[in-house]
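Q: I would like to learn how to read the features of a structure, one at a time. Could we go through them together?
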Amino acid sequence: MNELTLKLKNISVSFGNKDIFDIENMSAYMNDRIAITGNNGAGKSTLLKIIAGDFNDFTGEVQRETEFNYLSQTGERDESTDDYMDYEMLSRMNVPENENLSGGEETKLRLVQTLSDYKTGLLLDEPTTHLDHESIEYLIRELEYYYGTLIFVSHDRHFINSLATKIWEVSDGTVTEYTGNYNDYEEIKKQEKLELEREHANVLKEKDRMNAAINKQKAKAEKMMSGSKGKGQDIKPDRLSSSKQKDTVQKQAFKTAKAMESRMEQLQETKLPESREELEFPLSKTMELHNKFPVMGQNVTIQRGSKILLDNVSFQFPLGQTIAVTGNNGTGKSSFLAELVIEAEGFDISPKVTIEQYKQMDYKLYGNESTVQFLMKHTELQESVVRSMLVSLGFSPYEVMKPVSKLSGGEATRVSLALMFVKPSNIIILDEPTNFIDLGTIEALEKFIKAYQGTIILTSHDRFFVERTADLIYKIEDKKLQQIK
């Protein structure tokens, strides 16, 4: 029997009047690798903090049978760990020996500090944030050989898929356990959706059948009623019993119809899956491009200070394709996009190009106009398309009418994402768009990219995201831009 390392019993968390989640009974065992998933604000990080003992505003019981190391999303370097720091790991993660570390380097340093102090319980909150592809792969290899209970929050599906043996999904105020990795979880969710759709179809079929039966019973009763009208009072004794019998049958028919209508009302209360239309972002005539390569570069060199990032590179990005630019931290991906947008020396951008660029949380939203009204001000698309976009991003029909000034940080991020796609454009630039957004929003973004008829140029360390969206993949390495797909 597996060795118990953690038990959560009757856990209840709420902030003010809002219930976050309830857990009746959940357990973790030695060598479990559990990924916690869910939308932003669902309570993933709060759950991890409860397990770590870093959050006490809850009711219920946490039974820890082992010690846990905990890596929070943000934090300062713990200099007390320097005495037992794994410097070989630090070197392999390419962390420089200086105080001015980038976001990715800071994450690597804190990861090494956490992993250097071995315990049989390990909690990681978004450990791949800002990490490049090579660092993520190295971290996966390290954790594959970790002996103990690993519980982590992540929106990196490749990372989850490589490590998880269980998924804890935080959704709708509960935590549900699924066995397997992310691919297994996706398959189970797909089957659950199919089952809901079957239930939906069966309910509609049953409603049609019952509606026909109700109409039949009512017609039968009304026929009897019309048949009895106009008859005199001199009913013969031998027909009296027959008249009473017809009256009884008539009442029974109305009673049956009423019972069926009551059953129909219960069927209408059944929770049915929301139907979502396929998204389509048609380009207007003014946005159409006829240049087969609207973005080109000839002998492009990009330099920051004394450091040359790209040295004399040439390229042609084709019309209507999604192009991913990949590479390790510090190789110049973001600088490349920035130079492209301003059409720096060496870049050749088609005159009719209109660029939209995603800048996460780059602005504040003010005013009392609803979310859907705000987006409609910036678009030529039909309102039904805009509403479908918001539904894809997790907004309920009620929330699309919420004033933009009342949106939470996560909601504003999703609206800024939608705004980029509703604005008239023929090229969209996405610089690490999956940072800090949840899995549901990432999957919605993938649908947007597939529906967009213009050209998209993006950078991302999210391997799953790149594989699912990119038609062409380039890599910046050794100051060169090379096509690898």
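Q: Are Tyr182 and Tyr185 buried or exposed?

A: The model is a predicted one, in which local features need pLDDT of at least 70 and side-chain atom pairs count only at pLDDT 80 or more, while totals for chains, interfaces and linings use all residues. Residues are numbered from 1 along each chain as its sequence is written, and side-chain values use heavy atoms, with hydrogens and water left out. A residue counts as buried under 20% relative accessible area, as exposed over 50%, and as partly exposed in between, with a 1.4 Å probe and protein chains only. By that rule both Tyr182 and Tyr185 are buried.

Q: Where do Tyr182 and Tyr185 lie?

A: Helices (H or I, at least four residues) and strands (E, at least two) are DSSP runs, numbered from the N terminus. Tyr182 and Tyr185 both belong to helix 6 (residues 182-228), where they are 3 residues apart, about one turn of the helix.

Q: How many aromatic pairs does a search of the whole structure find?

A: A pair of aromatic rings is described by the distance of the centres and the angle of the planes. Rings of Phe, Tyr and Trp (its six-membered ring) pair if their centres lie within 6.5 Å, and planes under 30 degrees apart count as stacked, over 60 as edge-to-face and the rest as tilted. The search of the whole structure finds 14 aromatic pairs. Among them is the tilted pair of Tyr182 and Tyr185, with 5.6 Å centre to centre and 50° between the planes. The pair of Phe317 and Phe336 is edge-to-face, with 6.3 Å centre to centre and 70° between the planes.

Q: Which parts does the pair of Phe317 and Phe336 tie together?

A: Phe317 lies in strand 11 (residues 307-317) and Phe336 in helix 8 (residues 333-341), so the pair ties together parts that are 19 residues apart in sequence. Phe317 is buried, with a relative accessible area of 0%, and Phe336 is buried, also with a relative accessible area of 0%. Ring pairs link Phe317 and Phe336 with Phe315, Phe347 and Tyr474 into a cluster.

Q: In what order do the 3 strands of the open sheet come?

A: Two strands pair if DSSP finds at least two bridges between them. The order in this open sheet is 11-10-13, and the pairing is antiparallel. Strand 11 and strand 13 (347-349) are the edge strands, each of which pairs on one side only. Strand 10 (residues 295-304) pairs with strand 13 over 3 bridges, and the bridge partner of Gly297 is Phe347 in strand 13.

Q: Which strands does helix 8 touch where it packs on the sheet?

A: Contact means heavy atoms within 4.5 Å. Axes are lines fitted to C-alpha atoms, for helices over the stretch in contact, and angles run from 0 to 180 degrees between N-to-C directions. Helix 8 touches strand 10, strand 11 and strand 13, and its direction makes about 125° with that of strand 10. The buried residues of helix 8 are Lys333, Ser335, Phe336, Leu337, Glu339 and Leu340, and the helix is followed by Glu343, whose phi is positive, near 50°.

Q: How do the axes of helix 11 and helix 12 cross?

A: Angles under 35 degrees count as roughly parallel, over 145 as roughly antiparallel, 65 to 115 as roughly perpendicular and the rest as oblique. The axes of helix 11 (residues 409-422) and helix 12 (residues 439-451) come within 11 Å and cross at roughly 5°; the two helices are therefore roughly parallel to each other. Arg414, Leu417, Ala418 and Phe421 in helix 11 meet Thr441, Leu445, Phe448 and Ile449 in helix 12.

Q: Which residues does Ile456 touch, not counting residues up to four places away in sequence?

A: Ile456 is found in strand 16 (residues 455-459), and at 0% relative accessibility Ile456 counts as buried. With those sequence neighbours left out, Ile456 touches Gln321, Thr322, Ile323, Phe421, Ile428, Leu430 and Ile449. Ile456 and Thr322 are 134 residues apart in sequence, yet 4.6 Å apart in space, C-alpha to C-alpha.

Q: In which sense do strand 12 and strand 17 pair?

A: Strand 12 (residues 322-326) and strand 17 (residues 472-477) pair in the parallel sense over 4 bridges, and Ile323 stands opposite Leu472 in strand 17. Strand 17 and strand 18 (residues 480-483) run antiparallel and are joined by 4 bridges.
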